[in-house]
Amino acid sequence: MQLMTTYQDNNYPIIIQHDAIAQLSTFLSKYRDVVFIIDKNVARFHPTKIEQAKSALSTKQISHLISVEGSEQTKSFSVYESVIEQLLETGMTRNTCIVAIGGGVVGDFAGFVAATLLRGVDFIQVPTTILAHDSSVGGKVGINTPQGKNLVGAFHRPKSVIYDLDFLTSLPYVEISSGYAEVYKHALLNGPLALKDIEEAYPNKRALAELKQLDDFLLKGIETKLNIVVADEHEQGKRKFLNLGHTFGHAIEYHEKIPHGHAVMIGMIYQFIVSNLILDTRHDVQHYVDYMHKLGYPLDVVLNPEFQPLLNLMLKDKKNDQNGVQMVLLSEIGKPVVKHVDNTVLKTAFEQLQNLLK
């Protein structure tokens with residue numbers, strides 16, 4: 001399956017299939033230097049795939065291999081500086097392509113290296129997790145700071161996204177459930193029918209672990225993101241909708257050091273509560289709590305922190321403006337809106353969330 005972005009120019013293909021990595025050579029032939037930035041665990045579990053990727057190069061091309069951890073600690077100034085210095089020492093030119101092989105962390109990090117190395121070189125996304133079906137598309141790249149997630153970054157489109165579904169076979173359940181959060185988010189954005197379909201496909205942890213029909217839902221998720229991103233690449237309007245669940249989610253992720261998708265799922269419950277408080281909606285929040293318990297999400301992590309440190313993190317969210325915290329809320333399933341939310345409402349919603357999970 002292949003999709004193509006529909007910008008006015010500089011479009012790129014998104015290839016989604018088993019053994020997709022075999023097509024990598026098509027996109028690399030014109031470069032002198034090719035840099036593979038690879039998640040260490042991916043290299044360990046899929047050595048044949050990594051060799052297949054490296055074999056895409058001709059004998060005239062110069063190959064560079066950099067292994068990184070697939071954790072958020074990689075998205076730091078210290079690791080970024082180390083990698084940049086290492087690459088500059090090779091004397092490479094702008095006739096370079098960086099190939100990111102890993103999950104969302106590696107894609108974000110390698111994309112930021114590509115966006116800033118020699119004022120910008122090309123890069124290719126080879127996502128290896130479910131979560132990365134979302135982050136690999138759209139061109140948002142970046143690193144973290146002590147103040148929060150993704151506060152330093154750029155918009156830098158990949159030259160292609162090669163989504164080889166064979167990589168998903170080795171994922172532990174924690175990665176499956178983390179990635180599912182973004183797939184589920186896209187269903188919430190698409191409307192009641194999409195939500196019904198995905199909840200029926202994955203009613204419990206056992207069903208989700210089997211990954212049946214996942215190809216179809218991944219494709220729908222990528223199409224959903226593409227439709228929004230092409231209309232609003234630099235997040236001035238509709239693209240903010242893709243941050244559903246992320247305002248509180250990023251805060252709880254950063255504070256409690258939990259997987260991104262687990263935090264986003266909690267963030268989506270939280271936004272339902274906020275929506276009920278300020279939009280006069282009637283979302284059945286208990287339904288979402290029960291559903292996420294059935295899938296094995298560790299929701300009780302919300303019982304640990306005090307609210308003020310989380311609020312401090314939310315106040316630093318990059319979607320905010322001079323009027324304070326902005327959140328994406330669902331006025332109805334499939335109908336997102338962006339609203340400013342008062343700090344007292346945010347605290348009340350947090351207290352209600354804690355009471356729900358006690």
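1. In this predicted model, the second largest cavity is lined by Asn243, Gly245, His246, Thr247, Phe248, Gly267, Gln271, Met327 and Val328. Helices H11 and H12 and strand E10 (326-332) are the elements that each give two or more residues to this lining. H11 gives the most, with three residues. By class, the lining has six polar residues, three nonpolar and no charged ones. The volume of this cavity is about 30 Å³.

2. How many cavities of 30 Å³ or more are there? The count is two. Strand E8 (148-155), H11 and helix H14 (307-314) each give two or more residues to it. Here too H11 gives the most, with four residues. The lining of the largest cavity divides into five nonpolar, four polar and four charged residues.

3. H11 (residues 246-256) packs against H12 (residues 260-278) at an angle of about 135°, and their axes are 7 Å apart. H11 is therefore oblique to H12. The crossing is right-handed. On the H11 side, the contact is made by His246, Phe248, Gly249, His250, Ile252 and Glu253; on the H12 side, by His260, Ala263, Val264, Ile266, Gly267 and Tyr270. Six of the contact residues are nonpolar, five polar and one charged.

4. The second largest pocket holds about 210 Å³ of space. Asp9, Asn10, Asn11, Tyr12, Gly120, Val121, Asp122, His156, Arg157, Pro158 and Lys159 line it. Of these, four are charged, four polar and three nonpolar.

Notes: Residues are numbered from 1 along each chain as its sequence is written. This is a predicted model: local features need pLDDT of at least 70, side-chain atom pairs count only at pLDDT 80 or more; totals for chains, interfaces and linings use all residues. Side-chain values use heavy atoms; hydrogens and water are left out. Axes are lines fitted to C-alpha atoms, for helices over the stretch in contact, and angles run from 0 to 180 degrees between N-to-C directions. Angles under 35 degrees count as roughly parallel, over 145 as roughly antiparallel, 65 to 115 as roughly perpendicular and the rest as oblique. A crossing is left-handed if the near helix is turned anticlockwise from the far one by less than a right angle, and right-handed if clockwise. Contact means heavy atoms within 4.5 Å. Ala, Val, Leu, Ile, Met, Phe, Trp, Tyr, Cys and Pro count as nonpolar, Asp, Glu, Lys and Arg as charged, and the others, Gly among them, as polar. On a 1 Å grid over the protein atoms alone, a cavity is a set of points where a 1.4 Å probe fits but cannot get out, and a pocket is an open set with protein on both sides within 12 Å along at least five of seven lines; lining residues have an atom within 4 Å of a point. Grid points are joined across faces, edges and corners, and a volume is the space filled by probe spheres set on the points.
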